[in-house]
Amino acid sequence: MVQMMVAQTAGTETALSKHSTPTASRIDGRRLRSVRTKQLIIEAYLALATEKSPQVPTAAQIAERAGYSVRSVFERFPDIHSLQVAAVDYALVQVAALAPSRDTDGDRQTRIRTQVEKRGRTCERWLPLWRSLVVNQGESPELRQRIIGLRERLVGRLELMYAPELSTLSESERRHLLIVLEALVDVESWARMQEFFGLSFDEACAAWTQAIDRLLPPTPLAA
Amino acid sequence: MQSIQFVSPTLQPIYLILVVRPPPKFCSFLCENLQVHVEASGSIGRNDSAVSTPLSPKPARIDGRRLRSERTKQLIIEAYLALLRENPVVAMPTAAQIADRAGYSVRSIFERFPDLGKLRVAAADYNLAQAAALAPARNVDGDRATRIRSQVETRAGTCERGVALWRVLLASVADDEELKLRVRISRDRTIERMEVMYRPELSTLAEQERKYMLVALEAITDIESWERMREQHGLSFEEACSVWIGAIDRMLPPTPPAA
């Protein structure tokens with residue numbers, strides 16, 4: 001995972017350096033180590049935030065988990081809030097990487113099943129961090145913006161997966177249906193199915209599948 | 001002024017003191033209903049039906065001093081809730097702020113609530129009692145469209161009034177068993193209400209399908225879903241109701257001919 005992020009960062013730097021110098025891209029070793037330290041601190045934060053959700057871990061706990069000093073943490077992040085924001089961005093990259101769109105051209109049942117199972121796994125994995133983010137967003141516009149961004153990304157995925165059915169609706173009907181679908185497959189909705197209703201993963205997926213199938217209009221013949 | 005005694009989840013009585021005021025625009029129909037409910041209802045406990053039923057014809061006798069003390073408690077709770085609505089990012093205002101808003105001393109607060117966590121729990125009980133008083137089941141025997149509209153508008157009124165406290169409850173629930181119980185009761189009541197309102201349609205489904213249907217209806221009409229429609233999507237009260245009405249109508253199976 002760290003390697004993936006380092007590779008991505010290095011890739012970005014390579015792309016940038018290509019613009020500035022025509023020579024082959026060279027990666028500064030010290031800078032790469034610093035990026036790697038940052039990644040390890042972010043990963044330590046994410047692990048602790050997941051374990052302690054919704055409490056925010058302290059700088060000392062993060063430093064200890066990452067194997068660095070508290071000073072190292074604050075050399076790279078001016079405060080815990082900056083670290084939180086960086087960690088959310090890091091998690092967003094992972095969510096995108098781990099949940100690519102599949103079966104977008106499948107039949108109705110395949111598309112519903114694919115979307116529901118993928119969403120269920122995403123909720124399962126990210127629930128503690130999501131709760132921590134929502135509870136601790138406070139007055140931070142950066143964190144709030146990321147929450148909205150995550151919701152928009154989910155709506156984008158729903159639009160992609162259910163494009164044939166949504167295309168049969170008027171603009172306002174379409175907007176309203178997306179609002180309802182987003183509420184249905186919310187992370188907390190998933191959590192309630194398991195914690196409150198006591199459903200297993202498969203049962204929770206079945207509940208969402210049944211609801212989405214009822215909510216979507218008939219699939220047009222061309223799809 | 002009229003008082004109603006409720007049985008709280010912890011079996012401590014809660015007095016909800018109701019003062020008749022001009023109804024707010026958005027829930028005038030609920031407030032019209034309030035008078036009927038006040039006259040008809042006795043106590044509402046967690047195991048009672050969502051539909052209020054008349055109890056003894058003799059009204060309960062309430063000790064005057066106790067009523068005044070309960071009224072002070074209620075004003076402190078209302079001050080806390082008002083501060084939450086004004087500044088939702090501050091989950092717990094200071095005791096001095098609450099006292100100042102309620103018009104009492106800080107000491108008065110701690111005489112009634114040993115700590116602010118207990119005040120939060122009392123506020124949750126107050127909201128549950130208020131929801132039961134202001135949102136009785138209506139039109140239970142109406143046609144499909146009437147029942148859906150009635151349930152949605154009642155639920156929307158509850159969400160609109162309760163969203164500020166709900167955010168605080170969710171943020172604190174992980175560490176507080178008392179709050180966890182209140183959150184559970186609130187969800188149980190929402191589901192019970194839907195079972196009452198959509199009985200004809202739900203009766204046509206197999207047990208598992210029925211369970212999944214209630215799970216989905218609860219998710220769609222969750223208080224956070226309401227909050228997002230209003231705050232993030234900028235929908236008016238009526239528009240948001242219409243989104244829920246459309247969704248529930250699509251979700252529910254056809255109404256059997258007998259209903």
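1. **Interface.** Chain A gives 23 residues and chain B gives 21 residues to the contact between them. Two residues are in contact if their C-beta atoms, placed from the backbone, lie within 7 Å. This is a predicted model; local features need pLDDT of at least 70, side-chain atom pairs count only at pLDDT 80 or more, and totals for chains, interfaces and linings use all residues. Residues are numbered from 1 along each chain as its sequence is written, while chains are lettered from A and ligands numbered from 1 in the order in which they are written.

2. **Who supplies the chain A side.** Helices H9 (171-184), H10 (187-195) and H11 (201-215) of chain A each supply at least two residues of the side that touches chain B. H11(A) has the largest share, six residues. Helices (H or I, at least four residues) and strands (E, at least two) are DSSP runs, numbered from the N terminus. By class, the chain A side holds 14 nonpolar, four polar and five charged residues. Ala, Val, Leu, Ile, Met, Phe, Trp, Tyr, Cys and Pro count as nonpolar, Asp, Glu, Lys and Arg as charged, and the others, Gly among them, as polar.

3. **Helix H11 of chain A.** Its buried residues are A:Ala204, A:Cys205, A:Ala207, A:Trp208, A:Gln210, A:Ala211, A:Ile212 and A:Leu215. A residue is buried if 20 or more other C-beta atoms lie within 10 Å of its own, exposed if 12 or fewer, and partly exposed in between, with C-beta atoms placed from the backbone. The cover over the buried residues of H11(A) includes H6, H9 and H10 of chain A, together with helix H9 (207-220) and helix H11 (237-251) of chain B. The length checks out: 15 residues at 1.5 Å a residue should span 21 Å, and the end C-alpha atoms of H11(A) are 21 Å apart. The expected span is 1.5 Å times one less than the number of residues.

4. **Confidence.** The mean pLDDT of chain A is 84, and 86% of the residues score at least 70. pLDDT is the predictor's confidence in each residue, from 0 to 100. Among the elements of chain A, H11(A) has the highest mean (97) and helix H1 (residues 2-20) the lowest (39). Over residues 1-22 of chain A, pLDDT stays under 50; the model has 17 contacts beyond four places in sequence for them.

5. **H6 against H7, chain A.** Helix H6 (residues 108-136) and helix H7 (residues 141-161) of chain A pack at about 175°, axes 12 Å apart. Hence H6(A) is roughly antiparallel to H7(A). Axes are lines fitted to C-alpha atoms, for helices over the stretch in contact, and angles run from 0 to 180 degrees between N-to-C directions. Under 35 degrees counts as roughly parallel, over 145 as roughly antiparallel, 65 to 115 as roughly perpendicular and the rest as oblique. A:Arg111, A:Gln115, A:Leu133 and A:Val134 of H6(A) make the contact with A:Leu143, A:Ile147 and A:Met161 of H7(A).

6. **H2 against H6, chain A.** The axes of helix H2 (residues 29-52) of chain A and H6(A) come within 8 Å and cross at roughly 90°. That makes H2(A) roughly perpendicular to H6(A). A:Leu46, A:Ala49 and A:Thr50 of H2(A) meet A:Pro128, A:Leu129 and A:Ser132 of H6(A). The contact has four nonpolar, two polar and no charged residues.

7. **Two spots in chain B.** B:Gly157 sits in helix H6 (residues 144-172) of chain B. B:Gly157 is buried, with 21 other C-beta atoms within 10 Å. B:Asn139 has a positive phi of about 55° although it is not a glycine.
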